[in-house]
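Please look over the sequence and the structure shown here before reading on. The paragraphs that follow go through parts of the fold and then turn to the place where the chains meet.

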Protein chains: 2
Amino acid sequence: MSKSYTVKGMTCGGCARSVEQAIKAQKGDAVVTIDLSTARVTVENGPDDVAVAKAVDDAGFEYAGPA
Amino acid sequence: MSKSYTVKGMTCGGCARSVEQAIKAQKGDAVVTIDLSTARVTVENGPDDVAVAKAVDDAGFEYAGPA
């Protein structure tokens, strides 16, 4: 199952990689796809929403809810 | 006491903020200063080197040792 979220504050590939790693640190087999232009993070087989939100916020970006 | 490290892969302010947050997540009262142009991260009152290395790597950047 895949879910999408809006994450604000990512401006380059390094930011995207950081968000990806933060989510994978919660659940190693998650598949994370990030579209910088729309601030959309799609997670397949990921942790629950609360864990995604915490991971994103702890990584220094802004979790803005499901997209 | 302040220590400096080289961290590779940061390319913008979002990356820098992410590294800063990752280190602060280990020790909340750490003071982190980042110079993107030299890839130098200076940490005052921070966690130990091993914790810094793990935080940086987990955040999707490359810890390259003390600077």
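In which sense do strand 1 and strand 4 of chain B pair, and over how many bridges? Strand 1 of chain B and strand 4 (residues 62-66) of chain B pair in the antiparallel sense, over three bridges, where helices (H or I, at least four residues) and strands (E, at least two) are DSSP runs numbered from the N terminus, and two strands pair if DSSP finds at least two bridges between them. This is a predicted model, in which local features need pLDDT of at least 70 and side-chain atom pairs count only at pLDDT 80 or more, while totals for chains, interfaces and linings use all residues. Residues are numbered from 1 along each chain as its sequence is written, chains are lettered from A and ligands numbered from 1 in the order in which they are written, and side-chain values use heavy atoms, with hydrogens and water left out.

Strand 1 (residues 2-8) of chain B also pairs with strand 3 (residues 40-44) of chain B, again in the antiparallel sense, over five bridges.

In chain A, the side chains of A:Glu20 and A:Lys24 meet in a salt bridge at 3.3 Å, N to O, the term standing for a side-chain nitrogen of Lys or Arg within 4 Å of a carboxyl oxygen of Asp or Glu. Because A:Glu20 and A:Lys24 are four residues apart in helix 1 of chain A, about one helical turn separates them. Over all chains, the count comes to eight salt bridges.

Now consider where the chains meet. The contact, meaning heavy atoms within 4.5 Å, takes 14 residues from chain A and 14 residues from chain B. Between them, chain A and chain B bury about 880 Å², with 48% of it on carbon and sulfur atoms; buried area is the accessible area (1.4 Å probe) that two parts lose on being put together, summed over both. A:Arg17, A:Ser18 and A:Gly60 supply 36% of the area that chain A buries against chain B, more than any other three residues. Helix 1 (13-26) and helix 2 (49-58) of chain A each supply at least two residues of the side of chain A that touches chain B, and the largest share of that side, six residues, comes from helix 1 of chain A. Across the interface of chain A and chain B, the rule finds zero salt bridges.
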